[in-house]
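Please keep the viewer open as you read.

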Amino acid sequence: MERSNLKLKVEVVSARNLLPKDGQGSAGAFVELQFDHQNFQTTTKENGVDPVWDESFYFNISDREHSSLTLEATVYHHNEPNSKSFLGKVRLPRTSFVSDPDAVVLQYHPLRKRSILSSRVRGELGLKALVTYDHGQPLPTPNQPQQQQNVPRAPINVPHKDAGTSSSKSYDCLPKETSPLLGGGEIVRGRFIAEKQVSQYNLVETMHYLFVRIVKVRDLHLKNITGSSYVSLKIGYYKGNTKPLLEHSHNPEWNEVFAFKREDMQSPVMDVRVKHYSPENNNEGDQFEGALQINIHEVHPRVSPDSPLAPKWYAIADKNGDKNGDLMLAVWNGTQADEAFPDAWHSDAPLPPNVSSVTYEQIRSKVYHTPRLWYIRVNVTEAQLFEYGMSRVPNAYAKLQIGNQCLKTKAADSEGPNSICWNEEMVFVAAEPFDDEHLIVSVEYAVGPEEYKSFGSVSIPLNPVERYEDDQTICGKWFNLEKSISADVMGNDAEISSSKIHLCVCLDGGCNVLNEPTKQLGSPIGVLELGVIAAGNLLPMKSRKGRGTSDPYCVAKYGDIWFRTRTIVDSLNPKFNEQHNWDVYDPATVLTVAIFDNQIDGDSDDNKHVEIGNVRIPVSTLESGRIYTLLYPLISLGSSGLNKKGELHVAVRFSYTSFINMMFIYSQPLWHVNVCEQAVSAVAAHFGQAEAPLQKEVVQCMYSDVNSHVWSLRRSKANFFRVMSVLSAFLAVGKWFKEVCMWKNPITTALVHVLFVMLVCTPELIFPTVFLYMFAIGAWNFRYRPTLPPHTDIKLSYADSVHPDELDEEFDTFPTSREGRLTMMRYDRLRSIAGRVQTMLGDIVIYGERIQELLSWRDPRVTALCITLCLVCAIISYVTPFKAIVILVGFYLMRHPWFRSKTPPILLNVLERLPAKTDCMLTLES
């Protein structure tokens, strides 16, 4: 056997979907590699079924041909103490080794059993294998001579993000349509094939669970009544405990539900134990009170919407086999469509260890309802003010406050000895109910640079305020301003003057506060169904025990109903498989789905939930009855540029009940009002009071247009190109007509002349021709109609070529937090842009002013010529048929280039010489 200086480089990248072995739904995995009588071992990755190693190992190759050598990789779970459990193995033959480093790709190999009688395994292991020389040099390719093997590879220059242009990344931002096998069957071209009527959850993959409802215990004989009792369930490596009951009782009651995923069970028997914890026996552990075992193969299935399964009493036995009370529980097989699923403890989403600040209620799926929002319109008309020792009222202003919203009027002078008038309208946002909400109005005036004095204030509760409906006239009222007597008493004989203010206050709920209907009128026209299937390849949002991970959950918003999925703890490829339905009252609405990272362990400084990505689906772009199963890329724009944070797999279906009712909705008015920060704060405060509160940053991310008013050079460029795209059709028509006039194609110009004469002679054909042409364009575009809903467009957003400094400016705070030189540079750039816009507006105004000067006698010679020409044209147009004039004008515009002059038209030359108001504007000193 010939010795060689070859080496085999093996890179252990990661593993996916390993079988949990620690009883908490995870595993402490490591990999043992064996090749040519050489062994290596990776580090152990704790608490995860998707471990990532990214470790490389080099093996000596004794046989240069290495035809009979195989690489064996075995995955184990580390047990305490110094033992291991088999999770699966992979064998790679020599055909899996490559010698070209450019051909090395990451391949995931399924884990296999040791033998047929071995225990169940699952998951995949990602490996890379490359044959290199002794010093890490790659082998020469067949087209590369051997003597060039030591030539170093040219380095690849990666531009720095602060370079002249941004380090733009190329991402495919289009959603991809998939054909998954869901609960209703396989989906092909938006329709179910052999649809199965299993449950209402037909837009997600069916997940089978073993549900266990622990109700209560009776006749439990406790040796020590101090402490707390709880029930522990164990199926294979999965363990779940009820909440400990602190009250001292022989008949504790829990009424908790546990959901164990069927495909992850490693044991046919469920072990149920009743335990008692006492502080006095802390060193001895929890006291065993009784247990029972249930064969899970004998459990009957239950399909929703069947009636709930009635619990039964089961006798529990202590260590000696004697009966120690009865345990009431119910066990059944079901799916995620079961009504007990949202409130259950899930084996596939356990809390990480050593986390005590978060309960299971905060990671379960929930439904939220947006509160009814109202505009509080306050018209501050006038006030009559009296102050002891004051002969005339100074410049005063009114300050209005509702919660943390505060507005002020302008400081106004008094119109009389004791009266002052503002006549200003203030608008606030408040959410029902108004139990503790008050409008506080005070009148103040300045007595010093930082000192203010108040005439008094009034507190108006919002509950009795009149509602504004259908152009109703709201009458104003006088309110007395109250003030503390001890605040401004000048002496024992001082008089307390009375001041009052005139206000017109009303609640306006007819406008659209959050771009969603404030109230639903009539019956729904359809149903919108959303199935959140899974997410994949998510970027780690945090670090836990030295490895990157995430705790993702999804939030879907449509109308005034928000839906939140359960949190999948410690996973970068979570499977949610949860579905929710909404009633649709207007198709001109948007469904928003976003995925966030739940900061359940509080490892972030501010403990804010981080947005991973979002998807916006306009309902009006969905075909009725079609199922869209789409894989959306989650692409976001950060301060460093574009980032792809993963993918989101969803299924959407919109179906309407009546086509006539839906088209009738299109004819109804739709009020558009921009989302304001006060409305978002009101919704966030309402959701913050829920059992599983939604964070304020989550609410802000769901309303994507909250910060649309902030200056952004990138967004300005994008809007400019959007305007040019809209005008491109008119510009194309103008360019085509110019080519017709210049006789670029004589045949086309001749046909245009014929069509022009026909339309002038028969004007009744003009509108039919225009509408027929529009019909032809629409029918032609039917072949190229979009088949998928729109999604984020990188080029439309101008994010693929944005400069890093523009991004830094867009993410800057207001007011700015950057240093002076950078702010000065950006200010000069903004001045340059504004100067060009100013010049363009000035040029447009100049031509408008010159047209006005034609008849203003500012230039008497041009005006005399203009009115003479108008008189001649009036006589000619009176004696000449109108059709003849139109034909002559048209033929003149489309005349041959032989009859055209290279100089500008006479009318344009005259217009250029007319005076404008530019000469009347002030100029700066030199």
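## Two crossing helices

Helix α5 (residues 713–741) and helix α6 (residues 746–761) have axes that come within 8 Å and cross at roughly 100°. That makes α5 roughly perpendicular to α6. The axes here are lines fitted to C-alpha atoms, for helices over the stretch in contact, with angles from 0 to 180 degrees between N-to-C directions; 65 to 115 degrees counts as roughly perpendicular, under 35 as roughly parallel, over 145 as roughly antiparallel and the rest as oblique.

On the α5 side, Trp736, Glu739 and Val740 meet Thr748, Thr749 and Val752 of α6, where contact means heavy atoms within 4.5 Å. By class, this contact of α5 with α6 has 3 nonpolar, 2 polar and 1 charged residues. Ala, Val, Leu, Ile, Met, Phe, Trp, Tyr, Cys and Pro count as nonpolar, Asp, Glu, Lys and Arg as charged, and the others, Gly among them, as polar.

## What kind of model this is

This is a predicted model, in which local features need pLDDT of at least 70 and side-chain atom pairs count only at pLDDT 80 or more, while totals for chains, interfaces and linings use all residues. Residues are numbered from 1 along each chain as its sequence is written, and side-chain values use heavy atoms, with hydrogens and water left out.

## The chain as a whole

The chain has 12 helices and 41 strands; helices (H or I, at least four residues) and strands (E, at least two) are DSSP runs, numbered from the N terminus. Buried residues make up 41% of the 926 residues in the chain. Buried means under 20% relative accessible area, exposed over 50%, and partly exposed in between (1.4 Å probe, protein chains only).

The accessible surface of the chain comes to about 53,100 Å², and 55% of it belongs to carbon and sulfur atoms; the areas come from the Shrake-Rupley method with a 1.4 Å probe. Among contacts between residues at least 6 apart in sequence, 69% join residues at least 24 apart.

## Strand β1 and its partners

Of the 10 residues of β1, 8 are buried, so β1 is largely enclosed by the rest of the structure. Strand β8 (residues 124–132) runs antiparallel to β1, joined by 9 bridges, and Ser14 has Gly126 of β8 as its bridge partner. Another 7 bridges join β1 to β4, also antiparallel, with Val10 opposite Phe57 in β4. Two strands pair if DSSP finds at least two bridges between them.

## An open sheet

An open sheet of 4 strands has the order β3-β2-β5-β6, with antiparallel pairing. Its edge strands, β3 (38–41) and β6 (83–92), each pair on one side only, and the twist averages 20° from one strand to the next. Strand β5 (residues 71–79) pairs with β6 over 9 bridges, and Glu72 stands opposite Arg91 in β6.

## Backbone details to check

Which residues other than glycine have a positive phi? Asn17 has phi near 55°, and Asp54 has phi of about 55°. Asn17 lies in the loop between β1 (7–16) and β2 (29–35) and is partly exposed, with a relative accessible area of 41%. Asp54 belongs to strand β4 (residues 52–60) and is partly exposed too, at 48%.

Finally, a cis peptide bond joins Glu432 and Pro433, with omega about -5°. Pro433 is found in the loop between β26 (419–431) and β27 (438–446).
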